[in-house]
Each structure stands twice: as structure tokens, then as C-alpha cells.
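Keep the sequence and the model in view while reading.

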Amino acid sequence: MNLEDKELKELFKLADEIGNKRYHKLTYQDFENYRKYDYWRYINGDYECGTTQESKDWVKDHSDCYCPICGDNYSTKGGKTIDHKLPRSQYPWLSIEFKNLWVICKFCNQEKGDRHWYNYEHYIFVRYPNLYLAVKAARPSLLLQSVKD
Ligand SMILES: [Zn+2]
């Protein structure tokens, strides 16, 4: 067994522990993408965005002045952060899926935490009913559909 196979096996094991069931669908390409993404994230940090030109451009292309959830100016809510709509801890294979990423303010990101999307919608509905429609409109329907298969 060569080292690459071993690493791939370890990734599968890790994904199995974290995301269960889905690990068998990972391919070697997923692994390569994951490593690239992990490096990208390492460079950019979990919360801060915009430390490389690549991520600055991405954030700029995917946000304006106002957080899509609370509607406030980012500068009044701790700045811009890159969030995983479906959390990394539950869906590690979606951590490299750019359709799963969006730019929200730091405050909303912390409120969202590691909740599954539907739990998050429920949480918002109960705690911040005035924000519910904005969150519902951002629901990642296709991704949620894909995790049901
Ligand atoms: Zn916000």
C-alpha cells in the first residue's frame, strides 16, 4: 500500500467518524479537493476572510455592504465571515463545495454555530422571527436534497 492510499483511507475513516454513512461516496478527487480547500482555509482562517487575494476576490464577489441575514452593515457586526450553510462538522464533504459557502456577519455566524440548517431555521423562527424570511430564502435546497439521497 502506498502512502496516498493510506491517507485516503484515513480521510475516509475521519469522514466516517464525523459525517457517517456518506464516506463511501468520497472519491480520490474529493480527497485532493479537500486538501486544497483545507490549505485555503488554513491560509484564510476560520473566521477572518480576505487574507489572500483569492479569498478577498471571492468574498467581494459574494457580498455587498449588508449581511444577508440581519441586514446590518458588516462593519457594525464584527465584519465579514465565510460560513458553511451546512456545517463542516456534519457534512465534511461539503466543506469544499463553494455552493455551500456564503458571506455573513460575524455575529450571525456565531449565532448559527454548528446547527443543522433546519434546526437553524427553527432557532431563528423562535428567537428572531423578523429574520426568518431572510434565512428561509437562503435555504440551500439543492444541497439539502443531495444529502437526503
Ligand atoms: Zn448578520
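A residue is called buried here if its relative accessible area is under 20%, exposed if that area is over 50%, and partly exposed in between. The model is a predicted one. With that cut-off, the buried residues of helix 5 are Trp117, Tyr120, Glu121, Tyr123 and Ile124. Viewed down the helix axis, these buried residues fall within an arc of 160 degrees, so they line one face of helix 5. His122 and Val126, on the other side of helix 5, are exposed.

What lies over the buried residues of helix 5? The elements that cover them include strand 2 (101-105), helix 4 (106-112), helix 6 (132-137) and helix 7 (141-148).

These elements belong to a protein with seven helices and two strands. Along the sequence they follow the pattern α-α-α-β-β-α-α-α-α. The protein has 149 residues, of which 40% count as buried. Among contacts between residues at least 6 apart in sequence, 58% join residues at least 24 apart.

Helix 7 can be read in the manner of helix 5. Leu143, Leu144 and Val147 are buried in helix 7. They span an arc of only 100 degrees around the axis, which puts them on the same side of helix 7. Helix 5 is included in what covers these buried residues of helix 7. On the other side of helix 7, Leu142 and Lys148 are exposed. Leucine 142 counts as exposed because its relative accessibility is 70%, and the cut-off for that class is over 50%. In sequence, leucine 142 is 43 residues from lysine 99, while their C-alpha atoms are 9.4 Å apart in space.

The next topic is the aromatic residues. A pair of aromatic rings is described by the distance of the centres and the angle of the planes. The whole structure holds five aromatic pairs. One of them joins tryptophan 117 and tyrosine 120, with 5.7 Å from centre to centre and 65 degrees between the planes, an edge-to-face arrangement. How far apart along helix 5 are these two residues? Tryptophan 117 and tyrosine 120 are three residues apart in helix 5 (residues 117-127), so about one helical turn separates them. An α-helix has 3.6 residues a turn, so residues three or four places apart point the same way. Both tryptophan 117 and tyrosine 120 are buried.

Another edge-to-face pair is formed by tyrosine 123 and tyrosine 128, whose ring centres are 6.4 Å apart and whose planes are at 70 degrees. Are these two residues buried or partly exposed? Tyrosine 123 is buried because its relative accessible area is 14%. Tyrosine 128 is partly exposed, as its relative accessible area is 21%.

The charged end of lysine 85 sits over the ring of tryptophan 102, 4.7 Å from the ring centre. Lysine 112 lies over the face of tyrosine 120, at 5.7 Å from the centre of that ring.

The last topic is the metal site. Which residues coordinate the zinc ion? The SG atoms of Cys67, Cys70, Cys105 and Cys108 do so, at 2.3 to 2.4 Å. The spacing of these donor residues in sequence is C-x2-C-x34-C-x2-C. Why is the arrangement tetrahedral? The four donor atoms subtend angles of 102 to 114 degrees around the zinc ion, which makes it so; four donors count as tetrahedral if all angles lie between 85 and 135 degrees.

Leaving aside residues up to four places away in sequence, cysteine 105 touches Cys67, Cys70, Tyr74, Lys77, Gly79 and Thr81. Among these, Lys77 is 28 residues from cysteine 105 in sequence, and the two are 5.9 Å apart in space from C-alpha to C-alpha.

Conventions: Residues are numbered from 1 along each chain as its sequence is written. This is a predicted model: local features need pLDDT of at least 70, side-chain atom pairs count only at pLDDT 80 or more; totals for chains, interfaces and linings use all residues. Side-chain values use heavy atoms; hydrogens and water are left out. Donors are N, O and S atoms within 2.8 Å of the metal (3.2 Å for Na, K and Ca); water is not among the atoms, so sites may look incomplete. Four donors count as tetrahedral if all angles lie between 85 and 135 degrees; four count as square planar and six as octahedral if opposite donors are over 155 degrees apart and all others between 65 and 115; anything else is irregular. Rings of Phe, Tyr and Trp (its six-membered ring) pair if their centres lie within 6.5 Å; planes under 30 degrees apart count as stacked, over 60 as edge-to-face and the rest as tilted. Helices (H or I, at least four residues) and strands (E, at least two) are DSSP runs, numbered from the N terminus. Buried means under 20% relative accessible area, exposed over 50%, partly exposed in between (1.4 Å probe, protein chains only). A charge sits over a ring if NZ of Lys or CZ of Arg is within 6 Å of the ring centre and within 35 degrees of the ring normal. The arc is that of the directions from the helix axis to the C-beta atoms. Contact means heavy atoms within 4.5 Å.
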